[in-house]
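Let's take a friendly walk through a protein fold. Please have a look at the sequence and the 3D view before reading on.

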Amino acid sequence: MRVAIIGQGYVGLTIAISAAGAGHEVLGFDIDEELVSDLNACKSHIEGISDSQLMAFVGTGAYKATTNPTLLNDVEVIVIAVPTPLTQSREPDLSYIHAAVELVRNNVMNSTLIVNESTSYPGTLRNEFAAHLTEVQHLYASSPERVDPGNTTWGAKNTPRLIGGLTPEAVIKAKEFYSSFCDTVIEVSSPEVAEAAKIFENTFRQVNIALVNEFAQIADALGISGREVLDAAATKPYGFMEFSPGPGVGGHCIPVDPTYLAYVANRAGVPATFIKRANEVNLAMPSYVVKRVITGAGGSVKGKSVLVVGVSYKANVADTRETPAASIIDLLREAGAAVSWHDPLVGSWRGEESSNLGVCDVAVVVTKHDVVSVADVKKSSYVFDCTGSIPGADGI
Ligand SMILES: NC(=O)c1ccc[n+]([C@@H]2O[C@H](COP(=O)([O-])OP(=O)(O)OC[C@H]3O[C@@H](n4cnc5c(N)ncnc54)[C@H](O)[C@@H]3O)[C@@H](O)[C@H]2O)c1
């Protein structure tokens, strides 16, 4: 099939390369000109896709990145993978979705299958796409992306994919497309079910992470090791699923998607109190971490050299979106510490460069990449570990 993927970020590029690998002719459309020229020069910007993978498909013409919207008219399938962040007031920001809809309206005159993979609340495909694209009779399906950047076990091929279409024809066409590169394609009865399943999956993670984050604080106050308790609880072979405490949640999904669910819940008159409480607990973790660091460092970090180790939101990826490291650094600076950070995957961030991993008064491990040496972290006088990966260190 001739396929266009709108948005060439983590999700869009991953799908583009999977589709190209299945023999489709893929156009990667993005508004970011620098990104598009990098992709055509076979320079990947995400961990899951290597430059050589890109080279194989750019070389044969199976994949081409573009900023030219007129090319979108000549495809059979259009997949939308644009950001769905929160506004300043922490409400769903559908402006990227609306821009993508406008792009289709202005450029796609032929009937196509339009699939939304961007995460959003139930009703988005029907009310934000189909209701606004009435000039041409397209087919519409929702197939929310479940990619987990950096996960080497579960990828686009073996992660089951949900499909909900507005019509049976849309489902048939979407199944044909996705089953060409996904092992398991599961049809659900409506786009709303697929959309809601995706945000519920992430809400499940957000709420459980908040629960263990709160438990870590309870355990510390009781003088027991929260992680040892969680490991002990995980020996129960049924009815328990282990989650790990940490410095908060980051990335484009867990801190954001549950708020989309809370938004529609509130609109429907349901208060969504679990989500609200989970957000509160997770967003308060950086200040809890800094409080513990100050205590552990002898009551003050004023004038002390503090190195924050790992600023991306999770291990072995370079993504710093919504990372709790940002608040931790800001709060440590407010407390008078001389803060630098070390992250070999991130390199430069917020106008600052990664520092070397050396001897400091305090090291705060926010994210532990495999390439970071535990022995080097331990050279600092006091180490606070948010990851459970520095043996013998104080932490959560
Ligand atoms: N990153 C993840 O792990 C992940 C996992 C599952 C689902 N999702 C969801 O997938 C969607 C995309 O996330 P992402 O992480 O790929 O985002 P991203 O920021 O990495 O990529 C989005 C891309 O869309 C482009 N873009 C923005 N507006 C555009 C427009 N009008 N036309 C064309 N391109 C446009 C941007 O330039 C960017 O390259 C979001 O809804 C997100 O919640 C993300």
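The briefing below covers a sheet, its helices, a pocket and the cavities.

This is a predicted model, in which local features need pLDDT of at least 70, side-chain atom pairs count only at pLDDT 80 or more, and totals for chains, interfaces and linings use all residues. Residues are numbered from 1 along each chain as its sequence is written, and side-chain values use heavy atoms, with hydrogens and water left out.

**The sheet**

- Eight strands form an open sheet in the order β3-β2-β1-β4-β5-β6-β7-β8, with mixed pairing.
- β3 (63-66) and β8 (185-187) stand at the edges with a single partner strand each, so one side of each has no neighbour in the sheet.
- From one strand to the next, the twist averages 25°.
- Strands β4 (residues 77-80) and β5 (residues 113-116) run parallel and are joined by four bridges; two strands pair if DSSP finds at least two bridges between them.
- Helices (H or I, at least four residues) and strands (E, at least two) are DSSP runs, numbered from the N terminus.

**Helices**

- Helix α4 (residues 95-107) lies across β1 (2-6), β2 (25-29), β4 and β5, and runs at about 145° to β1.
- Axes are lines fitted to C-alpha atoms, for helices over the stretch in contact, and angles run from 0 to 180 degrees between N-to-C directions.
- The axes of helix α7 (residues 191-222) and helix α8 (residues 226-233) come within 8 Å and cross at roughly 120°.
- That makes α7 oblique to α8; angles under 35 degrees count as roughly parallel, over 145 as roughly antiparallel, 65 to 115 as roughly perpendicular and the rest as oblique.
- Val-212, Phe-215 and Ala-219 in α7 meet Gly-226, Val-229 and Leu-230 in α8, where contact means heavy atoms within 4.5 Å.

**Pocket and cavities**

- The second largest pocket has a volume of about 410 Å³, and helix α1 (residues 10-21) gives the most to its lining, with four residues.
- Two cavities of 30 Å³ or more are found in the whole structure, and the largest cavity holds about 70 Å³ of space.
- On a 1 Å grid over the protein atoms alone, a cavity is a set of points where a 1.4 Å probe fits but cannot get out, and a pocket is an open set with protein on both sides within 12 Å along at least five of seven lines; lining residues have an atom within 4 Å of a point.
- Grid points are joined across faces, edges and corners, and a volume is the space filled by probe spheres set on the points.
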